[in-house]
Protein chains: 2
Amino acid sequence: MEIEPTKSELEILQVLWHHGPSTVRFVNDKLNEQKRAVQYTSTLKLMQIMAEKQMLTRDESQMKHIYIPLIEEGQTKEFLLEKFVDNMYNGSSSSLVMQLLGNKKTSKEEISELRALLDEFDKNNA
Amino acid sequence: MEIEPTKSELEILQVLWHHGPSTVRFVNDKLNEQKRAVQYTSTLKLMQIMAEKQMLTRDESQMKHIYIPLIEEGQTKEFLLEKFVDNMYNGSSSSLVMQLLGNKKTSKEEISELRALLDEFDKNNA
DNA sequence: TTGTTCGTACGAAATTTTTCCTACCTTTGT
DNA sequence: ACAAAGGTAGGAAAAATTTCGTACGAACAA
């Protein structure tokens with residue numbers, strides 16, 4: 001993995017990962033709903049660039065091109081998370097989680113969820 | 001908190017947080033040791049800009065100015081982590097931790113560390 | 001004293017990322 | 001047929017970030 005999506009590229013990838021292959025129009029609408037105001041041609045341009053970079057591919061058989069992510073969600077996020085942990089917490093995952101637990105915005109539900117995950121993990125790795 | 005350090009700014013902040021108030025020379029040396037080749041004047045410029053932005057302040061009483069972080073480590077990292085979780089995992093911390101657990105690079109030690117953290121947390125919040 | 005080293009200031013340039021204008025083509029509705 | 005709506009392509013510009021050259025003063029060593 002040598003591909004590091006920029007902030008805006010990641011926004012687009014999220015839409016495609018979440019909703020599957022989509023037109024530019026669809027992605028642009030989602031961004032405007034969920035994120036911020038952005039012109040159609042800006043999104044178009046970015047997605048074209050992403051296709052050049054081999055981050056996406058597209059089906060041009062119809063006039064409305066369908067864009068398809070070429071990089072896999074889990075793999076990409078794992079890569080980005082690893083970089084984040086390295087940069088911010090000197091590679092220590094537990095430091096990150098400690099920060100998470102100290103964060104007021106992390107809800108009780110999230111925390112019991114965390115505990116369940118860890119139990120599950122232990123069970124499978126006993 | 002409205003201050004969002006850039007990638008390079010964060011590198012500088014990490015040095016200052018870790019080593020305390022420092023000269024440009026010191027920070028630049030650390031960056032070259034730990035990160036990548038970068039000219040002295042580049043680091044200088046960046047730290048001057050950060051001072052303008054009120055991210056740092058400096059003691060100019062000596063010729064070698066001493067730069068001091070104005071934003072707090074924990075608070076800043078919490079903010080950045082929250083944004084990361086929002087952007088990448090739609091705000092779900094447990095999704096992030098799940099990714100962490102699935103990551104081969106997360107060691108067994110890290111995981112028992114995690115479990116200990118969670119136990120500790122529960123004890124204090126029973 | 002004099003030259004070398006080390007510091008800051010400043011401006012400009014290079015790079016990266018993001019945004020949008022314009023042109024032009026296709027589809028659709030009247 | 002024709003206008004309106006919606007599509008892509010491409011270039012340029014804007015914005016954000018990063019890098020560095022040059023000038024010049026202070027400290028220091030010979």
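Helices (H or I, at least four residues) and strands (E, at least two) are DSSP runs here, numbered from the N terminus. Strand S1 covers residues 56-59 of chain B and strand S2 covers residues 66-69, and the two run antiparallel, joined by 4 bridges. Two strands count as paired if DSSP finds at least two bridges between them. As one pair to look for, B:Thr57 sits opposite B:Ile68 in S2(B).

Before I go on, a word about what you are looking at. This is a predicted model, where local features need pLDDT of at least 70, side-chain atom pairs count only at pLDDT 80 or more, and totals for chains, interfaces and linings use all residues. Residues are numbered from 1 along each chain as its sequence is written, chains are lettered from A and ligands numbered from 1 in the order in which they are written, and side-chain values use heavy atoms, with hydrogens and water left out.

Now chain A. Here strand S1 (residues 56-59) and strand S2 (residues 66-69) pair in the antiparallel sense over 4 bridges, and a hairpin of 6 residues joins S1(A) to S2(A). Which residue is the bridge partner of A:Arg58 in S2(A)? That partner is A:Tyr67.

How do the two chains relate? Chain A can be laid on chain B by a turn of 180° and a shift of 0.0 Å along the axis, with an RMSD of 0.1 Å. The two copies are therefore related as by a two-fold rotation axis. The same surface serves both copies, since 98% of the contact residues of chain A recur in chain B. For the superposition, copies are fitted by least squares on the C-alpha atoms of residues with pLDDT of at least 70 in both, and contact means heavy atoms within 4.5 Å.

That contact takes 42 residues from chain A and 41 residues from chain B. Together the chains bury about 3,900 Å², 60% of it on carbon and sulfur atoms. A:Met88, A:Arg115 and A:Leu118 supply 16% of the area that chain A buries against chain B, more than any other three residues. Buried area is the accessible area (1.4 Å probe) that two parts lose on being put together, summed over both.

Of the 19 residues around DNA strand C, the nearest are A:Thr6, A:Ser8, B:Arg25, B:Tyr40 and B:Gln48. Sugar and phosphate make up 65% of the atoms of DNA strand C that come within 4 Å of the protein. A residue is near a strand if one of its heavy atoms lies within 4 Å of it.

Let's look at some polar contacts, meaning pairs of N or O atoms within 3.5 Å. B:Lys45 turns to a base instead: a polar side-chain atom lies 3.1 Å from a base nitrogen of DNA strand C.

Which helix gives the largest share of the surface near DNA strand C? It is H3(B), with 5 residues.

Finally, DNA strand D. It is surrounded by 19 residues, and the closest are A:Arg25, A:Tyr40, A:Gln48, A:Arg58 and B:Thr6. B:Thr6 has a side-chain N or O atom 2.5 Å from a phosphate oxygen of DNA strand D, while a polar side-chain atom of B:Ser42 lies 3.4 Å from a phosphate oxygen of DNA strand D. For A:Lys45, a side-chain N or O atom is 3.1 Å from a base nitrogen of DNA strand D. On this side H3(A) gives the most to the surface, with 5 residues.

Terms used: A polar contact is a pair of N or O atoms within 3.5 Å; within protein, one must be able to donate a hydrogen and the other to accept it, and residues adjacent in sequence count only if both atoms are side-chain atoms.
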